[in-house]
Amino acid sequence: MSAATTRSRTPDRLCAEAVDLARAAAEEAAAPGVVGEHVSAVSEGDRVVTHLFECKEMGYRGWRWAVTVARASRSKIVTLDETVLLPGPDSLQAPEWVPWSDRLRPGDMGPGDLLPTEAEDLRLEPGYSGEDAPPPNSALPDVITPGALADLVEAEDAEETDRGGEPVDAALPVIARGTIASVAEELGMRRARVLSRYGLHIAADRWDEAFGAKTPMAQAAPAPCVSCGFLLPLAGSLRQAFGVCANEFSPADGRVVSLAYGCGGHSEAAVMPTPPRPAPHVLDELGADAFELGAAGDGPPGAPDQH
């Protein structure tokens, strides 16, 4: 171990003895009566020492006032460096900050809330690819400015208006005909970004976990949703695995369900049998048995006459 390292770990004597100077600096920075006892002196380097004092302020349990003092080489005058409030080993601290994108959970959004998506969100991909650049030897200029496109569109719209068409609203965005954006708009596909394959897979996993074949409801169902009349199939590739439940009495009403999911509200569930009628009582204590009474003298031998 070098001598410099030994000196840096050993508090300087003059700086370590400057407890009163450090306390005065802490009391000046803190509120009255919140600077407690002197805890320790820590060497920060050659002729640099940090004095730690207890903090008695409410809400800062375990925190300490740290006052750093130093002196120049061959000088006996100790000067003040800085005063800060630092947490101690057993101090009460706030939890580590978590970005809002990691704290957000399904159902947290409310009316008026905005949820921005990142430009490089893996769940999304461009809705259409390609650049709206003019082909070689095109009549359009190499650099198409918005003003040039607007002039071309206005000329074509004016021609359509002269033929009896409706006038064009100037407030609408101007899109040059023949561009990829205009073709996508005509086909109803003008979305800047669409769901990527990754976004499709994580959505499918989320739906299958909530309303899939492994849920307790599906395990006890009489039949899967693939044969239910209340199922509305989805379009595209998801049609092979998911649909939307339209049974108002189902727990998945209006939800995306797996075709392997099921519940007791299946359209083809067995009809409940008619409750059986209870068997008659063996002993009828409510009714009365009728007995025919014979004429006088018709009784058994030895029986008295009835008058």
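**Pocket lining and nonpolar cores**

Helices α4 (100–103) and α7 (197–210) each supply at least two residues of the lining of the largest pocket. Helices (H or I, at least four residues) and strands (E, at least two) are DSSP runs, numbered from the N terminus. The model is predicted: local features need pLDDT of at least 70, side-chain atom pairs count only at pLDDT 80 or more, and totals for chains, interfaces and linings use all residues. Residues are numbered from 1 along each chain as its sequence is written, and side-chain values use heavy atoms, leaving out hydrogens and water.

The largest pocket holds about 780 Å³ of space. Of its 22 lining residues, S101, L104, L115, R123 and R206 are the closest to its centre. A pocket is an open set of points on a 1 Å grid over the protein atoms alone, where a 1.4 Å probe fits, with protein on both sides within 12 Å along at least five of seven lines; lining residues have an atom within 4 Å of a point. The volume is the space filled by probe spheres set on the points, which are joined across faces, edges and corners. Helix α7 gives the most to the lining, with five residues.

The largest nonpolar core has 16 residues. Such a core joins buried Ala, Val, Leu, Ile, Met, Phe, Trp, Tyr and Cys residues through side-chain atoms within 4.5 Å; buried means under 20% relative accessible area (1.4 Å probe, protein chains only). V35, F53, W65, V67 and V69 have the most contacts inside this core. Strand β3 provides its largest share, four residues. A second, separate core of nine residues includes C245, A252, V257 and L259.

Terms used
Buried < 20%, exposed > 50% of the residue type's maximum accessible area, 1.4 Å probe, protein only.
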